[in-house]
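Please work through each task before reading its solution.

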Amino acid sequence: MTVSARRSGVCLLALLAVLSLSPARAQEAPTPPGAAPAVERAQAEAKRPAITSFTLENGLQVVVLPDRRAPVVTQMIWYKVGSADEERGQSGIAHFLEHLMFKGTRNHPAGEFSGAVAAIGGEENAFTSYDYTAYYQQVPVEALERMMGFEADRMENLVLTDEVVLPERNVILEERGMRVDNQPGAQLGEAVDAALFQNSPYGTPVIGWRQEMETLSRDQAIRFYDKYYTPNNATLLIAGDVDAEAVRGMAERTFGQVKRRAEPGPRIRPQEPVPLAAREVSLSDPRVTQPSVQTVYLAPSEMNGKPGEAEALDLLADILGGGSTSRLYRALVVEKGLAAGTGASYQGTAIDDGQFVTYATPRGEATLADVEKATDEEVARLLKDGVTADELEAAKNRVRKGLIYLADSQTAMARRYGAAISIGQTIEQVDGWPQRIEAVTVDEVNAAARKVLQAKRSVTGRLLPGGATDEADAKAQEGSPAAAGVPAPANTPPAPVGDTRS
């Protein structure tokens, strides 16, 4: 089971970056040099599975993504609820319920579902984020209907007693201790988010604040389950060696028998005020061996931004810090030799506000102040001079090629659609993303940069080794690769910013 950190939102560019490092990409024949964008888009479209969507009578949306290359299938059930939907004072209840969903039901004792998956060599897990909670299994295709039966059963028949709930509460408290309380980088991340989101529930960690986690109860878990775990608040994604009509029949025999038992209503949350002041957060800890600095900017998301803004910010992140050809990497790592790692990212898959992040870690004798100053200079240069047409075209080209390989990952495709639908997007909006990326202009990227990359919209977080009083003292630890001048792989964040596994 996982807790999704906010910075791990399922942004398509982030998925493409992950897939670019996978063996599947290396096995693909590359697009011929000089191929026109239209040809590349046609190739990508040819690899995209034909998608079917239908809705059962109880309100459950079912999305089928056929993939005939192997006799395996991925089932994902996405609930349109995450930690940002929790009642104030009950932080962590969404993630807590995720854990409790692996306990027994009226029809299947604890461990039977997981045992059935393991017995056939399948995989299973679950993850909680701010805007959704999802559960998945990847199994041989002949086991699909049985898996659907198990998943449908725990949608309505979960049995929660104090004997089940209280020990599991200790488990999530231990998880917080291991993943947050004992990890200075994670502690800094919580502090940065709390400073950035002054009113939004995105400022509260998905796993919850410890003092509130300690009071989570069986009654609270049951109320959360009864309100949100209803078929009309969920999406079933089936990706694999299946056809839509067969899936429809299985879905009706399993999930179709689950009663619609609640109306969760619109997801209306407290909104952020207009930011007026730059904020800074520093954390010094003896366990820190590699200092780092990150600046997080409040940014429009795919859902609350103006048309084209999210796409422009996607491309801006690629140009500024998306890899070894990005501005930050060339300046800080290659030309000046100050940084062991640096980069930028945009996380816009959210119902409310998103984030735009820059980060850097010092190398050799450089201090944190040195890399922070150099990062600020590159951002200022971009704001002053703007991006170029060549930079924009290169970023779009990376997206075009990445789309070809996206179809190689069954789970990545399911996650892409599941996350988008869970925040309120349609399949058509997901499918139209490549065309919207192609339509972005230089002026739009520059306008997005000047709107978002303002100091008053930012929180700067500094992670310092024990004994360092400020960023001017913070260097790579003696004897470490960074101190010896060895750069980190391109686009490697300095602190844990992905899923944390329990």
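The protein chain has 19 helices and 13 strands, assigned as DSSP runs (helices H or I, at least four residues; strands E, at least two) and numbered from the N terminus. This is a predicted model, in which local features need pLDDT of at least 70 and side-chain atom pairs pLDDT 80 or more, while totals for chains, interfaces and linings use all residues. Residues are numbered from 1 along each chain as its sequence is written, and side-chain values use heavy atoms, without hydrogens and water.

**Exercise 1.** Classify the ring pair of Tyr79 and Tyr229.

*Solution.* Step one: rings of Phe, Tyr and Trp (its six-membered ring) pair if their centres lie within 6.5 Å; planes under 30 degrees apart are stacked, over 60 edge-to-face, and the rest tilted. Step two: the centres of Tyr79 and Tyr229 are 3.9 Å apart with 20 degrees between the planes, hence a stacked pair. Step three: Tyr79 belongs to strand β4 (72–79) and Tyr229 to the loop between α10 and β7, 150 residues apart.

**Exercise 2.** Is Tyr79 buried or exposed?

*Solution.* Buried means under 20% relative accessible area, exposed over 50%, partly exposed in between (1.4 Å probe, protein chains only). Tyr79 has 0% and is therefore buried; Tyr229, also at 0%, is buried.

**Exercise 3.** Classify the pair of Phe102 and Tyr135.

*Solution.* With centres 6.2 Å apart and planes at 45 degrees, the pair is tilted. Phe102 is buried at 18%, and Tyr135 is buried at 0%. Tyr79, Phe102, Tyr135, Tyr225 and Tyr229 form one aromatic cluster.
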